[in-house]
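Please read the briefing below alongside the sequence and the coordinates. The points are grouped by topic.

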Amino acid sequence: MAAAPPLKLPSKLPSPKRTSSNGSPRKPRSLSIVALKQNGSLRSHGTPGLRVAFQGSTGAYSEFAAKTACPDCATVPCRSFADAIAAVERDRADRAIVPVESTMEGTALRNYDHLLRHDLRIVQEINLFVHYCLLAMPGVRTAELRRVISHPMALAHCGRALERLGVDREAVEDTAGAVEMLRSEQMLDTAAIASPRAAVIYGLDVLAGGLQDESWNVTRFLLLSKLPEPLPPSSAGKMKTSMVVAHRGGSMTVLLKILSAFSSRDISLTKLEINNPTMEGKGPVIILDVRSPAMLKTFPHVLYVDFEGSIEDEKVKEAIDEISSFSVFVRILGCYTADPHIYDLH
């Protein structure tokens with residue numbers, strides 16, 4: 001494969017671009033500031049002191065998403081998503097950021113399971129355009145490569161480009177970890193797939209950009225907190241609520257009733273997904289019942305629902321009450337300001 005010319009990367013990471021869901025440019029704007037009172041101090045998305053835990057090493061896409069959502073935060077790298085969530089539960093971090101779905105993989109990035117098993121709340125969302133680059137040690141040429149390392153999903157997303165390169169593939173824990181390994185071990189026959197930001201951080205060359213099979217590759221991240229945040233005033237923008245509905249009977253009947261509860265009140269859904277692992281021969285869905293006393297419950301299938309509106313809205317309260325009347329279990333996962341923007345590393 002003919003290598004693309006190296007990207008000209010600035011020494012300092014530029015401010016992210018904002019685009020609308022249809023790809024057209026939007027005027028940059030400040031992220032909403034929502035205060036959180038914790039440990040006796042007032043913290044917000046836009047002020048120093050907020051600690052955000054993420055899975056991966058410095059330079060990971062999750063870290064960039066955290067820095068975009070909370071520009072002045074301190075990031076806390078963790079080995080796994082479970083470790084990032086545990087950091088919040090043990091007060092070692094104020095937020096955990098986790099990817100939950102992408103345009104290429106759907107909900108294969110299923111961190112909803114972690115969310116259901118822990119008493120954390122969604123307090124913010126962010127959509128990040130994932131741009132994959134081929135990174136190598138300074139001076140290494142594409143023709144000298146024998147192997148490419150990266151996160152398994154990054155390797156899968158760049159399958160066609162790697163096929164043309166004709167190199168071996170090796171999966172590691174995360175994209176930035178691959179870059180860290182490449183640099184620390186001075187690998188001269190190996191490249192890593194990661195972000196252009198990782199190239200700046202670790203001082204590597206970008207041999208090619210835009211490696212992903214599909215040009216439109218967006219991942220949605222959720223920021224989780226142990227404490228709920230005060231809801232912003234209605235003037236701050238549209239609100240979104242996430243909930244999970246569990247039941248034990250046929251999912252289609254409950255699905256139709258849920259649709260009716262929202263449509264009769266003119267409430268728009270932004271996500272409706274059935275998780276039925278028992279059909280694949282897997283175990284039941286495990287959910288923490290956060291009501292006192294907290295306990296884990298199991299269900300054969302659940303529905304994830306995102307809808308426009310705040311839990312303070314009367315028609316939303318009525319819809320939730322109606323759904324609760326025919327469902328075994330309903331849990332609100334979070335209520336937060338909707339952010340329709342797509343943020344880019346460039």
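In this predicted model, helix α1 is largely enclosed by the rest of the structure, because eight of its nine residues are buried.

**Confidence and overall make-up**

- The average pLDDT of the protein chain is 83, and 82% of the residues reach a score of at least 70.
- Residues 1-47 have a pLDDT below 50, although this stretch still has 104 contacts in the model beyond near neighbours in sequence.
- The protein chain contains nine helices and 20 strands, and 50% of its 346 residues count as buried.
- When contacts in the protein chain between residues at least 6 apart in sequence are considered, 76% of them join residues at least 24 apart.

**Strands β4 and β5**

- Strand β4, made up of residues 51-55, is mostly covered, in that four of its five residues are buried.
- The pairing of β4 with strand β5 (residues 74-78) is in the parallel sense and runs over five bridges.
- Within this pairing, A53 has V76 in β5 as its bridge partner.

**Aromatic pairs**

- The model has five aromatic pairs, one of which joins F129 and W216 in a tilted arrangement, with 5.9 Å from centre to centre and 45° between the planes.
- F129 belongs to strand β7 (residues 121-129), whereas W216 sits in the loop between β12 (205-209) and β13 (218-225), so the pair ties together parts that are 87 residues apart in sequence.
- The two partners have these accessibilities: F129 counts as buried at 13% relative accessibility, while W216 counts as partly exposed at 39%.

**Cysteines**

- The structure holds zero disulfides, a disulfide being a covalent bond between the sulfur atoms of two cysteines.
- For C73, the closest cysteine sulfur is that of C70 at 5.2 Å, which is too far for a bond, given that a disulfide is counted here when the sulfur atoms lie within 2.5 Å.
- C73 counts as buried, with a relative accessibility of 3%.
- C158 is likewise in no disulfide, since the nearest cysteine sulfur, that of C133, is 9.3 Å away, and C158 is buried with a relative accessible area of 0%.

- D91 has a phi near 65°, which is a positive value in a residue other than glycine, and D91 is placed in the loop between α2 (81-89) and β6 (95-102).
- At 34% relative accessibility, D91 counts as partly exposed.
- D266 also has a positive phi, of about 60°, although it is not a glycine, and D266 lies in the loop between α8 (251-263) and β15 (269-275).
- At 63% relative accessibility, D266 counts as exposed.

- F326 is found in helix α9, which covers residues 314-326, and F326 is partly exposed, with a relative accessible area of 23%.
- Leaving aside neighbours within four places in sequence, the contacts of F326 are V254, K257 and I258.
- F326 and V254 are 72 residues apart in sequence, yet their C-alpha atoms are 7.8 Å apart in space.

Notes: Residues numbered from 1 in each chain as written. Predicted model: local features only at pLDDT ≥ 70, side-chain atom pairs only at ≥ 80, totals over all residues. Heavy atoms only, no water. Phe/Tyr/Trp six-rings, centres within 6.5 Å; stacked < 30°, edge-to-face > 60°. Helix = DSSP H or I, 4+ residues; strand = E, 2+ residues; numbered from the N terminus. Buried < 20%, exposed > 50% of the residue type's maximum accessible area, 1.4 Å probe, protein only. pLDDT = per-residue confidence, 0-100. Contact = heavy atoms within 4.5 Å. Pairing = 2+ DSSP bridges.
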